[in-house]
Amino acid sequence: MDKSGESAAGPEPTASHLVTITFRIRRFNPEVAADAEWEDFTLDIDPKDRVLDALHRIKWELDGTLTFRRSCAHGICGSDAMRINGRNRLACKTLIKDITGIKDGKGTKPVLVEAIKGLTVLKDLVVDMEPFFQAYRDVMPFLVTSGNEPTRERLQSDADRARFDDTTKCILCAACTSSCPVFWNDGQYFGPAAIVNAHRFIFDSRDEAGEQRLEILNDKDGVWRCRTTFNCTDACPRGIEVTKAIQEVKRALITRRF
Amino acid sequence: MSTETANAPSEGGGSTGTTRYSVDNPAPLMTPPRARTARTPKSTRTNFELYGWLFMRLSGIVLVVLVIGHLLIQLVLDGGVSKISFAFVAGRWASPFWQIWDLMMLWLAMLHGMNGMRTIINDYAERDGTRMWLKMLLYTATAFTVLLGTLVIFTFDPNIR
């Protein structure tokens, strides 16, 4: 009796770590319908899994037409930035248990997943990143030097390296730029990501084109359109202090002038 | 939430299948609205936005002093608001100090407010036409108020009948 009771309950604990969670995904397919709409998928999934795992399960087991970007799936390539429960995050760094309440083996609310805002949606969660990368290219994100090439490394002191350390961490996922309300309304604004990557070179002691980059960001669509809403700092999956970097560029422009 | 990106003529296609696109009925070409094209304005290469940004900070600091002083004198000290009359205003504007005070307050507050509204219009207006007309209205209203106020401060006649 005891044994049979135990063995009946035996498989239960192994399966009970799974919880039933509804994923409400913003679907858009221009070849089927002109409007985007929400679609629900319900999964039994380990709450310690990531949202990306859930998307994989949906794509592989439920609906193969679900379209999203991901490459490395470990928070480095920056492909899978999306708006999850109204906040820009990387699907591959967001654990399901961190974004949803779980009660009696069920999620209390559906998990909302949609494409990042401010860029044209091509299909489902895939957006056209070209305007984002255009702004990035416009700030000259590469080392510019003059004179002869050194035969060895271009040396730099620890303090000089630390000056721009924070902004070297950017993975160009567009979570910051697509969380910026100024960018939502006017894509001509360079956006936080481009300014962060300009900051990385403006404050690099080895680089010589800081003046040019400052001149580019002094433009009417440059840093002065920043309203310091801190959306970008909150959105950055790498923890870059984006707004601080933008303010440092502003300060550099002011002190250069006066 | 504006994730509506398709600009296809929506034929009320709630049910899928009825509006399926084909070779003869292709999906609409979506031109990315953020692309930098020939119509994109050229970079400005001026320091206008820098000065505008700086002006907001500096005028804000000065306005805190001017406005709080103004409110104290007008509403709190010496009998409060009930003391304000034509004679009170005439008495204050007899002194060049208060004339300058009020003139600075008028100009700084109006320009500060105008610049703030200008950035709000730039941020929120979606079409170039809307943006242009709203700014025209703003500049006209600002110029009118500033000029009228300046005229009154300098041509104020305490003996008017």
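Author: A residue is buried if 20 or more other C-beta atoms lie within 10 Å of its own, and exposed if 12 or fewer do. This is a predicted model.

Reader: What share of chain B is buried, then?

Author: Buried residues account for 1% of the 161 residues in chain B.

Reader: And how many helices and strands does chain B have?

Author: Chain B has four helices and zero strands. Along the sequence the pattern reads α-α-α-α.

Reader: Of the contacts in chain B between residues at least 6 apart in sequence, what percentage join residues at least 24 apart?

Author: That figure is 61%.

Reader: Which parts of chain B carry the "transmembrane region" annotation?

Author: The unreviewed UniProt entry puts that annotation on residues 54–77, 97–115 and 136–156 of chain B.

Reader: What does the chain look like over residues 54–77 of chain B, helix or strand?

Author: Residues 54–77 of chain B are 96% helix and 0% strand, with 33 Å between the end C-alpha atoms. For residues 97–115 of chain B the figures are 100% helix and 0% strand, and the end C-alpha atoms lie 27 Å apart.

Reader: Switching to chain A. What domains is it divided into?

Author: Domain 1 of chain A covers 18–127 and domain 2 covers 130–257. Their centres, taken over C-alpha atoms, are separated by 30 Å.

Reader: How many residues of the two domains are in contact?

Author: On the domain 1 side of chain A there are 14 residues, in contact with 14 residues of domain 2. Strand S4 (residues 87–90) of chain A gives the largest share of the domain 1 side, four residues. By type, that side of domain 1 of chain A divides into six nonpolar, four polar and four charged residues.

Reader: Helix H3 of chain A next. How many residues does it have, and how far does it reach?

Author: H3 of chain A (residues 51–62) has twelve residues and reaches 15 Å from first C-alpha to last, close to the 16 Å expected at 1.5 Å a residue.

Reader: Which residues of H3(A) are buried?

Author: Val51(A), Leu52(A), Ala54(A), Leu55(A) and Ile58(A). Viewed down the axis of H3(A), these buried residues fall within an arc of 160 degrees, so they line one face of the helix.

Reader: What about the other side of H3(A), which residues are exposed there?

Author: Trp60(A) and Glu61(A) are exposed on that side of H3(A).

Reader: And what covers the buried residues of H3(A)?

Author: The cover includes strands S1 (19–27), S2 (37–45), S3 (81–84) and S7 (111–114) of chain A, along with helix H4 (96–99) of chain A.

Reader: You mention S2. Where is Glu39(A) found?

Author: Glu39(A) is in strand S2 of chain A. Glu39(A) counts as partly exposed because it has 14 C-beta neighbours inside 10 Å. Leaving aside neighbours within four places in sequence, Glu39(A) is in contact with Ile25(A) and Arg27(A).

Reader: Where does Asp104(A) lie, and where is Asp124(A) found?

Author: Asp104(A) lies in the loop between strand S5 (102–103) and strand S6 (106–107) of chain A. Asp124(A) is in the loop between strand S8 (121–123) and strand S9 (126–127) of chain A.

Reader: Is Asp124(A) buried or exposed?

Author: Asp124(A) is buried, because 24 other C-beta atoms lie within 10 Å. Asp104(A) counts as exposed, because it has 7 C-beta neighbours inside 10 Å.

Reader: Last helix, H11 of chain A. What do the buried residues of H11(A) pack against?

Author: They pack against helix H8 (192–202), H9 and helix H10 (231–235) of chain A, together with helix H1 (48–76) of chain B. The buried residues of H11(A) include Val242(A), Ile246(A), Val249(A) and Leu253(A).

Reader: How far apart are the end C-alpha atoms of H11 of chain A?

Author: They are 23 Å apart, which agrees with the 22 Å that its 16 residues should span at 1.5 Å a residue.

Reader: And in H9, is Glu211(A) buried or exposed?

Author: Glu211(A), found in helix H9 (residues 210–217) of chain A, is exposed, with 10 other C-beta atoms within 10 Å.

Definitions and conventions
Residues are numbered from 1 along each chain as its sequence is written. Chains are lettered from A and ligands numbered from 1 in the order in which they are written. This is a predicted model: local features need pLDDT of at least 70, side-chain atom pairs count only at pLDDT 80 or more; totals for chains, interfaces and linings use all residues. Helices (H or I, at least four residues) and strands (E, at least two) are DSSP runs, numbered from the N terminus. The expected span of a helix is 1.5 Å times one less than its number of residues. The arc is that of the directions from the helix axis to the C-beta atoms. Two residues are in contact if their C-beta atoms, placed from the backbone, lie within 7 Å. UniProt positions are given in the numbering used here, feature names are shortened, and annotations may be inferred rather than shown by experiment. Domain bounds come from an automatic or database domain assignment. Ala, Val, Leu, Ile, Met, Phe, Trp, Tyr, Cys and Pro count as nonpolar, Asp, Glu, Lys and Arg as charged, and the others, Gly among them, as polar.
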